[in-house]
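Please open the model in your viewer and keep the selection panel at hand.

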Amino acid sequence: MIAINAIDQLAEPYDIAIVGAGPAGLAAAARAAELGLSVLLADENPAPGGQIYRAVTTTPVAKRDVLGEDYWKGGALVERLTKTTASYAPGCTVWSVAPDEEGGFELGLSLGGRARLISAGQIILATGAQERPFPIPGWTLPGVMTAGAAQIALKSSGLVPSGRTVIAGCGPLLYLLAGQLAAAGADIVAVLDTTPRRNWLSALPALPDFLRSPYLAKGLKLMAAARGKLSFRTGVTALAAQGADKVTGVTVTRGGKTETIACDALLLHHGVIPGINLSNAAGCAQHFDTVQHCWTPTVDDWFASSIPGIAIAGDGAGIGGAESAALRGEIAALDAVRRLGHLTEGQRDSHAAPARAELARSLRGRRFLDLLYRPAETFLAPPANETIICRCEEVTAGQIRDTASRLGVTGPNQMKAFLRCGMGPCQGRLCGPTVVELIAQVHGVSPADTGYYRLRPPVKPITLAELAALPPSEAAVKAVVR
Ligand SMILES: Cc1cc2nc3c(=O)[nH]c(=O)nc-3n(C[C@H](O)[C@H](O)[C@H](O)COP(=O)(O)OP(=O)(O)OC[C@H]3O[C@@H](n4cnc5c(N)ncnc54)[C@H](O)[C@@H]3O)c2cc1C
């Protein structure tokens, strides 16, 4: 592996550029490099691993059972990459991907406070998932954060929230995160489960598949561990964070009764959804996935997107978890190698066959989890009008509802023009899904009918100095001297 620590060390063009060093990106980069291609793997974090294997090579957490056996499996994936000739650029943020004039692609990236445009023949976006936004009254108070962010602090720095901590939400990760933080010494005073009871009905048809899937044993073990140690309250239908300049408690409603639990930290989590900003800004087609209830890029069996030459692998193309992410990365890499003429279709297919069989097995049971843990409508479209939805621009649910009903705004891009929601540093990652939900609710349609933000580069913040220092591209020079 060639470690890239400065932007001048990037040697271009690359045959394949891969964005994201989680399981999907690590597996894709290793596979393509093992087949002799020149590969760049760029990731914004200081060490490889993505979300699940975050900081697996550098974590200060020594006790293996704190993070669980699955976490340490990431070491083997990193090890495999280090044995290849792939170039790996940590701390490298990719803020744009666009076709160039030679039939390849131009990537805009930043590393060490400097930016550069580089080119590559094929692109694999392995940018992963993000936590589904969970806006409740008071969620912007200091001391309120996502449970995933708390896990990031644990994995990368061994930190746990100080004081009485409440975890609230739903989804398979909630139990994992609660168990990990408790094992690391956090004082978890309550876990508030918002899984709607009626979801069992809609998930039931998918139960048989779940019962013969790898998720069953893992899920039972996680739940038994978490419930055995922690105080769970299920059937939570409403939440509000209390406090003036920091969180001091959380008001919980369940079974029609309301209580307030004192706490110093409130961790929210109600599932993960694909991180679509880079693929969206690159122009890749996307659709609303009614089972996972989110907008997601449209890909084919080889994870090729609607733009020939751009593949999207891993949770960035639909939630399937770490194991399937690595397999999807492998499969996408094999097709990219074929597109570059280094494999025939037959060779690609036979190379991919074992990964495909494993993938089918690893995704079995996923549908049940997606249906069971779909958040309740009241948490997808917060009823309280004063709830802030766009944290960057401080736009509230009431403003969005009012603009949708009084001005007849039917889509998020129009809403953005009216209210500036989605125009801040996160480029809609934290408000997009909720803005869509609120508009759909006002007009009595599905989120699939409202569309999603149309994003443009840069998808991640970049300084003016970086932009100004970019060497002018040939096209830019030609445009000026003509
Ligand atoms: C906060 C969080 C915590 C999670 N924890 C767990 C867990 O403990 N166990 C579990 O089983 N699953 C966990 N998941 C689910 C997780 O999605 C999958 O397990 C798995 O990590 C998906 O792998 P991936 O390779 O698709 O993406 P990821 O592992 O998410 O890797 C994507 C990588 O791309 C990077 N990236 C994204 N955009 C850019 C860009 N523009 N430029 C450069 N780099 C970029 C990201 O920072 C990340 O490092 C978590 C998900 C989230 C959101």
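Begin by selecting Leu204, which sits in the loop between α7 (199-203) and α8 (207-211); helices here are DSSP runs of H or I with at least four residues, strands are runs of E with at least two, and both are numbered from the N terminus. This is a predicted model, in which local features need pLDDT of at least 70 and side-chain atom pairs count only at pLDDT 80 or more, while totals for chains, interfaces and linings use all residues. Residues are numbered from 1 along each chain as its sequence is written, and side-chain values use heavy atoms, with hydrogens and water left out.

Leu204 counts as partly exposed because its relative accessibility is 44%, where buried means under 20% relative accessible area, exposed means over 50%, and partly exposed lies in between (1.4 Å probe, protein chains only).

Next, go to Leu67 in helix α2 (residues 64-67). Is Leu67 buried or exposed? Leu67 counts as buried, because its relative accessibility is 3%. Leaving aside residues up to four places away in sequence, Leu67 touches Thr59, Val61, Trp72, Leu154, Lys155 and Gln180, contact meaning heavy atoms within 4.5 Å.

Now show the strands as a cartoon and find the open sheet of 3 strands, ordered β13-β14-β15 with antiparallel pairing; two strands pair if DSSP finds at least two bridges between them. The edges are β13 (236-242) and β15 (257-262), each with a single partner strand, so one side of each has no neighbour in the sheet. From one strand to the next the twist averages 20°, with axes being lines fitted to C-alpha atoms (for helices, over the stretch in contact) and angles running from 0 to 180 degrees between N-to-C directions. Strand β14 (residues 249-254) is joined to the antiparallel β15 by 6 bridges, and Gly249 stands opposite Ala262 in β15.

The remaining stops are salt bridges, each defined as a side-chain nitrogen of Lys or Arg within 4 Å of a carboxyl oxygen of Asp or Glu; by this rule the count comes to 22. Select Arg114 and Asp8, whose closest N and O atoms are 3.1 Å apart. This pair links distant parts of the chain, 106 residues apart, with Arg114 in strand β7 (residues 114-125) and Asp8 in the loop between β1 (2-3) and β2 (14-19). Arg114 is partly exposed at 44% relative accessibility, whereas Asp8 is exposed at 53%.

Move on to Arg420 and Glu393, a salt bridge with its closest N and O atoms 3.0 Å apart. Arg420 lies in the loop between α16 (412-419) and α17 (432-443), and Glu393, 27 residues apart from it, in the loop between β21 (388-390) and β22 (395-396).

Finally, select Asp349 and Arg348, whose side chains meet in a salt bridge (2.8 Å, N to O). Asp349 is partly exposed, with a relative accessible area of 34%, but Arg348 is buried, at 6%.
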